[in-house]
Structure formats: C-alpha cells, structure tokens
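Here are a few friendly notes to read alongside the model. They start with the helices, then turn to the core and the sheet.

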Amino acid sequence: MSDEFPAIFATLRSLMLEAAPGMVVTNDTPTNFTLKTPWIEARTKQPAWFGWIAIKKSYVAYHIMPLYVLAALNDAVPPSLEKRRQGKTCFNFKKAAPALFEDLRALTTLAAQTEPDLRTAIGT
C-alpha cells in the first residue's frame, strides 16, 4: 500500500459526503467508507447501496453504485474518468488527481440528484 493512499481516501471520503448529502453513512473506518440510501430497497429489504470507498493493496477504489442501473448516469461519465474506470461502478486512484476528483465530484453529485430515478429503477 502506498503512503499516499490514506490522504487520497480522506479526500475522496469528504468528496462523497459533500456530493451526496442525503445519503446515510453505514461504515466509516480508516480504510472503508460506505453510503447507503435513506430508503429501503424492495428486493433486499435493506437500504440500497449508493457508494463506497476502500483502500486496496494497489489503489484506492471509489464506487458509485447507481451506475449499475441508470443508463443516463453512465452516459455522463466524462472521458477523463473512463481511464480510471474498472467495471461499471469503480474508479481507481493510485495518486492524488485534483482535476479528476472534481470530475468525480460532479458525477457523484449527479448520481445523488438522480436518486428518484434510482428509487424507481430498483424499487422501494
């Protein structure tokens, strides 16, 4: 693990909290942070996942879970972040990248604003 990862994690944690103010913190440790919706998902009978951040062995992972179900949100992923994308929801960072973090903030804010669409897509 890089010595930079804790600082990257802290920056991304603050970013997610600010960009998604209506979500609920369900896990907050020095290496894992999870936000869930304030409403219950019909299928699981649990709050739906909104986002999570984790320090991994070789990168810091930032997940925006609505990307799984909202096609319009996927269309909003900027090209700058596509290079950091792994799978549908994850963006990986090995070094601090302020410009990319601002793009990530905008995408996370948009995801939070599309919460009514998310609620409709996965059911409440």
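1. Which residues in H1 meet which residues in H4? Ile8, Thr11, Leu12, Leu15, Met16, Glu18 and Ala19 in H1 meet Phe101, Leu104, Arg105, Thr108, Thr109 and Ala112 in H4, where contact means heavy atoms within 4.5 Å. The residues of this contact comprise eight nonpolar, three polar and two charged. Here Ala, Val, Leu, Ile, Met, Phe, Trp, Tyr, Cys and Pro count as nonpolar, Asp, Glu, Lys and Arg as charged, and the others, Gly among them, as polar.

2. Before going on, a word on the source: this is a predicted model, in which local features need pLDDT of at least 70 and side-chain atom pairs count only at pLDDT 80 or more, while totals for chains, interfaces and linings use all residues. Residues are numbered from 1 along each chain as its sequence is written, and side-chain values use heavy atoms, with hydrogens and water left out.

3. Back to the helix pair: the axes of H1 and H4 come within 8 Å and cross at roughly 35°. Axes are lines fitted to C-alpha atoms, for helices over the stretch in contact, with angles from 0 to 180 degrees between N-to-C directions. Helices (H or I, at least four residues) and strands (E, at least two) are DSSP runs, numbered from the N terminus.

4. Now look inside. The largest nonpolar core has 33 residues, and Leu12, Tyr62, Phe91 and Phe93 have the most contacts inside it. Such a core is a set of buried Ala, Val, Leu, Ile, Met, Phe, Trp, Tyr and Cys residues joined through side-chain atoms within 4.5 Å; buried means under 20% relative accessible area (1.4 Å probe, protein chains only). Leucine 12 touches Ile53, Val60, Tyr62, Phe93, Phe101 and Leu104, leaving aside residues up to four places away in sequence.

5. Next, the sheet. Six strands form an open sheet in the order E1-E2-E3-E4-E6-E5, with antiparallel pairing; two strands pair if DSSP finds at least two bridges between them. At the edges are strand E1 (24–28) and strand E5 (85–86), each pairing on one side only.

6. Follow E1 into E2: a hairpin joins them through three residues, and the two strands pair over four bridges. Asparagine 27 has threonine 34 in E2 as its bridge partner, and valine 24 stands opposite lysine 36 in E2.

7. E2 and E3 form a hairpin with six residues between them, and lysine 45 in the turn has a positive phi of about 60°. These strands pair over six bridges, with isoleucine 40 opposite proline 47 in E3.

8. Finally, H4 lies across E3, E4 and E6, running at about 30° to E4.

Methods: Buried < 20%, exposed > 50% of the residue type's maximum accessible area, 1.4 Å probe, protein only.
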